[in-house]
Amino acid sequence: MSDLVTLYVPLETTALSLGADELVIAICQEAARRGQDVEIIRNGSWGMSWLEPLVEVETDKGRIAYGNVTVEDVPGLFAAGFLTGGDHALCQGLTADISYLKTQDRLTFARCGLIDALSLDDYQLNGGFLGLKKALEMTPEQIVDQVTKSGLRGRGGAAFPTGIKWNTVLGAEGEQKYICCNADEGDSGTFADRILMESDPYCLIEGMIIAGLAVGATEGYIYLRSEYPLCKEILGEALINARADGWLGRDIRGSGKAFDLQIRMGAGSYVCGEETAMLDSLEGKRGMVRAKPPLPAIHGLFGQPTVVNNVLSLASVPIIMARGAKFYQDFGLGRSRGTIAFQLAGNIARGGLVEKAFGIDLRELVEDYGGGTYTNTAIKAVQVGGPLGAYLSADDLDLPMDYEAFSQAGAVLGHGGIVVFDGSADMAEQAKFAFDFCAVESCGKCTPCRIGSVRGSELIAKIQAGENSQQNLDMVRDLCDVMEAGSLCAMGGMTPIPVLSAIKNWPKDFKTE
Amino acid sequence: MLNDKTHLEKAEWDETEARQVIEQFTGLKGGLMEALHGLQHAFGFIPKPSYDLLADVFNLSKAEIYGVKSFYHDFKSEPQGHHVIQICQAESCQARGSRALTRHVQELLGIKLGQTTHDGHFTLEAVYCLGNCAVSPNITFDGKLHGRMSEDNFDGLLKKVAL
């Protein structure tokens, strides 16, 4: 019998959607046929989605990667000696040397792909729980102070300073405070929350415990979208392991401090990603948006002071605590500090996750990392920040990725999703879709959103049919004004952004003659 | 994933089963959502007689139960077909040809999004983002996600279940 060889095949949604499980079976069968001992570790994803399924082989030199491996490739890979890092058309060299990965600033996603997501040993061998251990020795005020000084802002899209939010909850009076993690990642073009939850679930759990210690909350909820069943499984198992190992419960590792959390599933509603709609949904109600004030920090879940943070905001806290506020603060630009996970999607050659300090420009992301369009044609439009983000043209690619720069350009960075379109995109159709999506997903509480979205879609259809186009375009602009000023939340208030940017940048797609 | 029981013949009302499902969540804060998920899982849709049980257990009116149930896309009013196909209609998949893929599937099955074939074999649904946008377009077939879907690949998937 030959020496045992260790292989890595991700247990992650993208890899699975391209046949990773079938691949594991094929590798095991081929190894058995050859009398070769192999151990397959199901790691998370490195975020190089375009290479999935990515098989890695542990060698003396390090982990060697083979990308886009299919079941049919397996016999050929064995024949080429891939178990010792042999050369093959699919070989990408050492994983750590792949430039897509090597040039990133991996802080929040440092362990993703590297470790077996559910191994507590792997987690702790790679810096896990260092932040929590420090936090357990600190006062709530000291923890909040660190997070405030780090400059961390909400990664869900609104970019509100996390430390200020925590400080409000810390100072609020309440019988039972809560930490709610918003894992309702519904924006098209985003998948960073999912990759983190599937590839490094303890990082999120650690961040939530620290948040609990910081504000005096002992209960937490992860509101997870139902489209992410694998996250539910992995997080569920991680919670069981963390509890068994004393990281959750009434007495965290003998500190006398308590925190526990549970997962609650959404049910296919986009608007429940809005924080107050999410709170109503968690309470078992329709996901209706609440008027603010009162802020959730004061009157949140079940009327109690509540921290509502995105997955990545919470998952960034462990490294801030472990390495200190200054370490994190040193990344970034202007008022956008630290790193952000960009997600390259749509018509893109190398789609995936790129964690970089703020300040990188859009061109570098789309052209250098992303490799341009998948169809190898010119870029026509790039939608940044999800379905409520602006459609930027090829002329806008030099914009720096920074909250303020985007805001000045009338665009939004949002949750960091970047969706690329080539020349086949009809921007009137995209504008119509923005209204249609709003009509489908509106919670219905306020009129501009509920009715405006339907009327907007009808108006664009008329423009497409060449019916009083100029007049109808003016009407769309008017309607957008009303929606922007008169909607309670971003759903109705920001639907005008993709619509108006499409009209502005591609007037020829809207028949005005 | 979302529809563990999609078979029409398994969708018969069973009050004892429904009670058992609901009772698991009675003490839970905000448990109505979980109870609805439980019923959807057990029956493949939310049977109307369960509204009374839910109203009773959660101390709400039937109208309120219907209000919550009808708000969420996942909670179905009718049994689904044997096979449920969801095609992502959101921007990232649009950029990789989901509109053409949707037309192809609709023509193949002879139904539109949101419909079930007369023989109850297939239900076709729109979905807005499956979080697999780096390898668009995406569909789910009986709960399993498939990335980089093409018309040819879809025909292959369909053949496997149509035999």
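User: Is helix H17 of chain A mostly enclosed or left open by the rest of the structure?
Analyst: This is a predicted model, and in it eleven of the 15 residues of H17(A) are buried, so the helix is largely enclosed by the rest of the structure.

User: Which ones are buried?
Analyst: Among them are Met427(A), Phe433(A), Phe435(A), Phe437(A) and Cys438(A), and the list also includes Lys432(A) and Glu441(A).

User: And what do those buried residues pack against?
Analyst: Strands S14 (379–384) and S15, plus helices H18 (447–464), H20 (490–494) and H21 (496–505), all of chain A.

User: OK, S14 and S15. What's the strand order in their sheet?
Analyst: S13-S12-S16-S14-S15 in chain A, an open sheet of five strands with mixed pairing. Strands S13 (352–357) and S15 (391–393) are at the edges with a single partner strand each, so one side of each has no neighbour in the sheet.

User: How do S12 and S13 of chain A run?
Analyst: Antiparallel, with six bridges joining S12 (residues 339–346) to S13(A). Ile340(A) sits opposite Lys356(A) of S13(A).

User: Switching to chain B: at what angle do H3 and H4 pack?
Analyst: About 110 degrees, with the axes of H3 (residues 50–58) and H4 (residues 62–71) of chain B 8 Å apart. That makes H3(B) roughly perpendicular to H4(B).

User: Which residues make the contact?
Analyst: Tyr51(B), Asp52(B), Leu54(B) and Ala55(B) from H3(B), and Lys62(B), Ile65(B) and Tyr66(B) from H4(B). By class, that's five nonpolar, two charged and no polar residues.

Conventions:
Residues are numbered from 1 along each chain as its sequence is written. Chains are lettered from A and ligands numbered from 1 in the order in which they are written. This is a predicted model: local features need pLDDT of at least 70, side-chain atom pairs count only at pLDDT 80 or more; totals for chains, interfaces and linings use all residues. Two strands pair if DSSP finds at least two bridges between them. Helices (H or I, at least four residues) and strands (E, at least two) are DSSP runs, numbered from the N terminus. A residue is buried if 20 or more other C-beta atoms lie within 10 Å of its own, exposed if 12 or fewer, and partly exposed in between; C-beta atoms are placed from the backbone. Two residues are in contact if their C-beta atoms, placed from the backbone, lie within 7 Å. Axes are lines fitted to C-alpha atoms, for helices over the stretch in contact, and angles run from 0 to 180 degrees between N-to-C directions. Angles under 35 degrees count as roughly parallel, over 145 as roughly antiparallel, 65 to 115 as roughly perpendicular and the rest as oblique. Ala, Val, Leu, Ile, Met, Phe, Trp, Tyr, Cys and Pro count as nonpolar, Asp, Glu, Lys and Arg as charged, and the others, Gly among them, as polar.
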